[in-house]
Amino acid sequence: MSFAQLTLHEAGAKLRKRELSSVELTEAVFQRIADTDDKVHAYLTLARDAAMEQARGADKELKGSADHAALLGVPIALKDNFLTKGLRTTCASKILGDFMPPYDATTVDRIRSTGAVIVGKTNLDEFAMGSSAENSAFFPTSNPWNLARIPGGSSGGSAAAVAADLCIAALGTDTGGSIRQPAACCGIVGLKPTYGRVSRYGIIAFASSMDQVGPMTKNVRDSALLLEAVAGRDPADSTSADLAVPRYSAMLTGDIKGLRLGIPKEYFVSGMQREVEQAVRAAIGKLEKNGAIIEEISLPHTEYAVAVYYIVATAEASSNLARYDGMRYGHRAAAKDLIETYMISRDEGFGAEVKRRIMLGTYVLSAGYYDAYYLKAQRVRTLIRKDFDAAFKRCDVIVTPTAPTTAFKLGEKTQDPLEMYLSDIYTISINLAGLPALSVPCGFDSEAMPIGMQIIGKHFDEATILRVAHHYEQSTEWHKRKPKLEIQN
Amino acid sequence: MKYESVIGLEVHAQLLTDSKIFCGCSTQFGKEPNNNTCPVCAGFPGVLPVLNKRVVEFALKAGLAAHCEIARSSILARKNYFYPDLPKGYQISQYELPVCTGGYVDVELDGKVKRVRLTRIHMEEDAGKNIHDAHGDASLVDLNRAGVPLLEIVSEPDLRATAEAGAYLKTLRAMLQYLGVCDGNMEEGSFRCDANVSVRPEGTETLGTKIEIKNLNSFRAVESALEFEIARQIETLSDGGKLVQETRLWDEHHEETRPMRSKESAHDYRYFPDPDLLPLVIDDAWIAQVRAPLPELPNARKARFVNEYGLSGYDAELLTGRKDVADYFEEAVLAHANPKALGNWIVGDLFRVLKERKLDEQLYLARWPLAALNLAQMVQMIDQGKINGKIAKTVFDAMLDSNKTPQQIVSEKNLEQLSDLGIIEAAIDQVLAANPKQIVQYRSGNEKVLGFFVGQIMKATQGKANPQKVNEILREKLKP
């Protein structure tokens with residue numbers, strides 16, 4: 001067995017007991033990448049030299065004492081929309097080219113200060129816009145469970161890297177499901193924290209009112225550990241909450257007796273893959289058997305979520321992406337005047353999906369359309385949030401499928417953006433409401449593709465969803481299966 | 001037909017905070033290009049704005065001084081447009097729910113008070129500067145100014161004449177200077193003005209077609225541009241022409257306004273609330289905290305100068321128009337309680353010096369050419385009869401930039417007034433003996449000759465003779 005297969009928790013324990021050095025572990029991860037990433041294509045940029053340097057530093061620190069941060073010496077992968085000082089950051093877009101960030105994102109800074117080793121930057125849909133990682137300007141990433149399938153998106157590179165043991169754990173971002181849906185597709189755990197729980201400073205913005213950083217890991221305990229390391233108030237992010245961060249990893253008690261699980265009827269409807277529904281219902285049955293109480297609930301405005309999301313998110317994106325104008329950094333086309341410089345640079349630099357969303361967002365904010373689209377969407381967004389507030393009076397967590405289907409084939413939906421958008425129907429309401437939610441493996445379909453269960457919590461109650469997910473995970477064997485990195489037809 | 005003009009002004013006042021509105025960069029003027037920048041104000045990927053608390057306090061100061069309603073919750077919004085000096089592709093400003101609404105400024109003109117209502121005051125960030133023609137074919141961008149905090153102060157269309165607009169601007173500027181929130185320097189661009197102007201037949205209520213004028217960089221430009229534009233509009237209408245709503249640029253060189261863009265080609269700024277910034281919540285405690293130490297404002301100070309010091313309204317206006325001048329005056333009065341004489345020296349001689357040296361264009365004089373204390377002592381010497389008014393002019397000029405007290409100058413130059421009757425009498429006798437013809441003229445009724453004698457006597461005493469004494473003795477001696 002390669003050390004690369006270790007979980008964060010296991011690796012940390014071995015490092016602290018000095019059964020394993022960070023250099024050995026990091027070398028094992030890079031060996032695994034050398035052996036298999038030409039099949040998976042999880043990474044856009046590797047930072048081998050810097051990583052080995054960090055590993056040597058971690059080993060020195062590990063010699064000093066046994067009392068160390070959980071991440072010290074552990075190789076971590078970062079989605080390529082985190083700014084990393086001195087390490088190329090592309091957001092999978094040509095418009096950023098070989099952009100070399102002058103500063104670290106707050107979360108990267110926190111990861112570095114724990115002594116973790118940064119392996120490299122993982123692939124994503126350009127500007128995190130997509131559900132399959134196929135919108136990357138560089139190359140698509142494959143699903144380790146079947147290389148002919150998508151890994152999900154937008155954090156597809158991070159999900160595939162975790163599933164294929166190309167890192168010990170990874171960070172992703174989630175604006176409409178971009179952590180949870182790829183986690184479900186790749187059979188790993190992915191957590192989107194409450195909006196405001198983790199700093200957004202230094203994350204390349206897509207939709208500012210929904211973007212959130214979160215862990216993508218091999219099991220639930222690892223997500224708890226990684227969240228502890230990055231969460232908490234950041235004075236550089238006005239929307240980050242000034243709340244103490246619990247020690248999530250110490251709260252995984254396994255106890256779910258009397259816990260009320262809300263099951264929203266609007267989430268179990270036609271259009272979803274039968275095996276997904278069966279697996280999630282079976283998982284709910286298991287939780288009930290283990291002491292949880294099932295409550296049928298209703299989230300009546302669910303059907304509007306996709307429409308609301310694609311108005312609010314594109315409006316914000318159209319403005320957030322205006323800075324990529326070829327003036328100060330990134331791609332600039334040779335052109336005859338200013339207007340042409342803008343037009344050609346942006347035409348050459350952005351991919352089709354990004355352009356589509358910039359146009360949508362520009363349209364919904366335009367004079368004469370603002371009230372009918374943006375303003376109305378914001379009102380419906382409030383209704384969606386109120387649905388959850390009402391539901392959480394009757395339950396402690398809400399359980400749903402993470403995605404309506406398992407991972408589809410590469411190229412299957414690239415010609416149909418609307419079909420692609422529906423991959424996120426179960427995840428986007430949660431971003432609109434700002435709630436925490438995670439995806440945990442709950443089975444496989446007949447083609448051996450992983451299925452994910454989504455557990456949604458109250459605002460800033462990540463502890464409870466982690467506890468439920470951990471309980472479920474420990475009572476199943478799903479997380480112990482490993483992908484074969486083969487093409488299956 | 002007689003027309004009346006309707007004018008509203010939009011003022012952009014750069015705030016005197018040490019750091020920018022959304023990052024920690026310095027606001028210092030005149031640094032090397034792009035030295036006062038960081039990833040936040042240069043619009044790098046991933047950056048987020050954090051609102052500078054001082055900017056809010058300055059907005060509150062201005063809002064309270066102008067009797068505005070303070071919004072308990074206000075929204076920062078994005079104004080989207082592309083331009084190289086706008087690094088994020090949007091300006092963070094306020095649109096719906098600005099921090100201050102309503103309010104007014106009382107403006108005095110020709111002894112009458114006019115109340116000019118305000119629409120709103122809001123906070124926003126300044127853009128950088130494009131520099132053309134400095135580097136071959138390329139234009140360069142300096143982002144030092146990007147993110148410098150501004151207040152936009154919008155008046156209602158309450159102004160009816162060019163002179164009113166000028167008086168309003170001066171009053172507003174003085175108010176902001178008194179509050180210490182803006183240095184008011186139009187030439188350096190820290191106090192900028194756009195004007196909205198329309199005309200309508202006198203006695204009608206409907207507003208005419210509104211024209212916006214930009215690029216008004218001085219009080220003179222504001223008044224000249226308005227004069228030009230009002231005349232142009234009246235002429236167009238009188239000739240049966242039609243006006244189109246547009247933005248025009250003031251061309252100082254050619255003294256005319258020229259079309260910049262029409263309403264049809266106006267930008268759609270796609271304003272929406274900035275999701276990176278939470279609504280700005282201002283509670284009563286914060287308002288009270290800002291209100292308590294608000295300084296005495298120009299109008300109040302002017303009234304006090306009239307009542308307390310017995311100055312004319314005109315002199316009080318001149319002395320309180322600038323806070324530094326008013327402070328200077330009061331420092332002098334504290335040292336020597338002759339406000340009228342001190343006021344005259346300041347408004348007359350000192351203002352002349354400031355103008356000659358172009359110091360009147362600077363708004364906060366850190367170093368005066370003449371210390372207030374020295375001016376006070378000089379006036380005291382006059383009042384004590386130690387020097388006369390004429391000698392005082394010499395002393396005044398000698399004190400400029402010298403750091404010397406009037407006593408030092410008087411003794412160095414031996415300028416002390418002659419009151420020794422013996423010496424004065426001797427000088428008079430000498431002058432009379434030398435001019436017998438003029439004595440005859442005087443005695444035959446030509447009183448004017450007296451001035452001639454005084455002049456000769458002053459000359460003989462190097463101007464130091466006490467003029468009162470000279471007069472008395474001379475008249476006595478000339479009696480037939």
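What is the mean pLDDT of chain B, and what share of its residues reach 70 or more? The mean is 91, and 99% of the residues of chain B reach 70 or more; pLDDT is the predictor's confidence in each residue, from 0 to 100. For the model, the scores are ipTM 0.96 and pTM 0.89.

What you see is a predicted model, where local features need pLDDT of at least 70, side-chain atom pairs count only at pLDDT 80 or more, and totals for chains, interfaces and linings use all residues. Residues are numbered from 1 along each chain as its sequence is written, while chains are lettered from A and ligands numbered from 1 in the order in which they are written.

Let's start with chain A. Please find its open sheet of eleven strands, which has mixed pairing and the order 1-3-2-4-6-5-10-11-9-7-8. Strands here are DSSP runs of E with at least two residues, helices are runs of H or I with at least four, and both are numbered from the N terminus. Two strands pair if DSSP finds at least two bridges between them. At the edges of this sheet are strand 1 (43-46) and strand 8 (293-297) of chain A, each pairing on one side only. From one strand to the next, the twist averages 30°.

Zoom in on one pair. Strand 2 (residues 75-79) and strand 3 (residues 117-122) of chain A run parallel and are joined by five bridges. Within that pair, Ile76(A) is opposite Ile118(A) of strand 3.

Now look for helix 15 (residues 462-474) of chain A. Helix 15 lies across strand 5 (189-192), strand 9 (397-401), strand 10 (437-444) and strand 11 (450-456) of chain A, and runs at about 15° to strand 10. For angles like this one, axes are lines fitted to C-alpha atoms, for helices over the stretch in contact, and the angles run from 0 to 180 degrees between N-to-C directions.

Two loops of chain A deserve a stop. In the loop between helix 2 (22-40) and strand 1 of chain A sits His41(A), whose phi is near 60°, a positive value in a residue other than glycine. The other stop is Ser154(A), in the loop between strand 3 and helix 5 (156-163) of chain A. A cis peptide bond, with omega about 10°, joins Gly153(A) to Ser154(A).

Next, how many residues does each chain bring to the contact? Chain A brings 31 residues and chain B brings 25 residues, where contact means that C-beta atoms, placed from the backbone, lie within 7 Å. On the side of chain A, helix 9 (305-320) and helix 11 (352-365) are the elements giving two or more residues. Helix 9 of chain A gives the most, with three residues. That side of chain A has 17 nonpolar, eight polar and six charged residues. In this count Ala, Val, Leu, Ile, Met, Phe, Trp, Tyr, Cys and Pro are nonpolar, Asp, Glu, Lys and Arg are charged, and the others, Gly among them, are polar.

On to chain B. Its domains are domain 1 (3-290), domain 2 (298-412) and domain 3 (421-478), with bounds from an automatic or database domain assignment. The centres of domain 1 and domain 2 of chain B, taken over C-alpha atoms, are separated by 35 Å. Eleven residues of domain 1 and eight residues of domain 2 of chain B make the contact. On the domain 1 side, helix 2 (residues 162-179) of chain B gives the most, with six residues.

Chain B also has a helix pair to look at. The axes of helix 1 (residues 53-65) and helix 4 (residues 284-291) of chain B come within 9 Å and cross at roughly 75°. These two helices of chain B are therefore roughly perpendicular to each other, a label for angles of 65 to 115 degrees, with under 35 roughly parallel, over 145 roughly antiparallel and the rest oblique. Glu57(B), Leu60(B), Lys61(B) and Leu64(B) of helix 1 meet Ile287(B), Val290(B) and Arg291(B) of helix 4.

Last stop: a hairpin. Strand 14 (residues 246-251) and strand 15 (residues 256-262) of chain B run antiparallel, joined by six bridges. Glu246(B) is opposite Ser262(B) of strand 15. The hairpin has four residues between its strands, and Glu255(B) takes a positive phi near 55°.

Conventions:
Contact = placed C-beta atoms within 7 Å.
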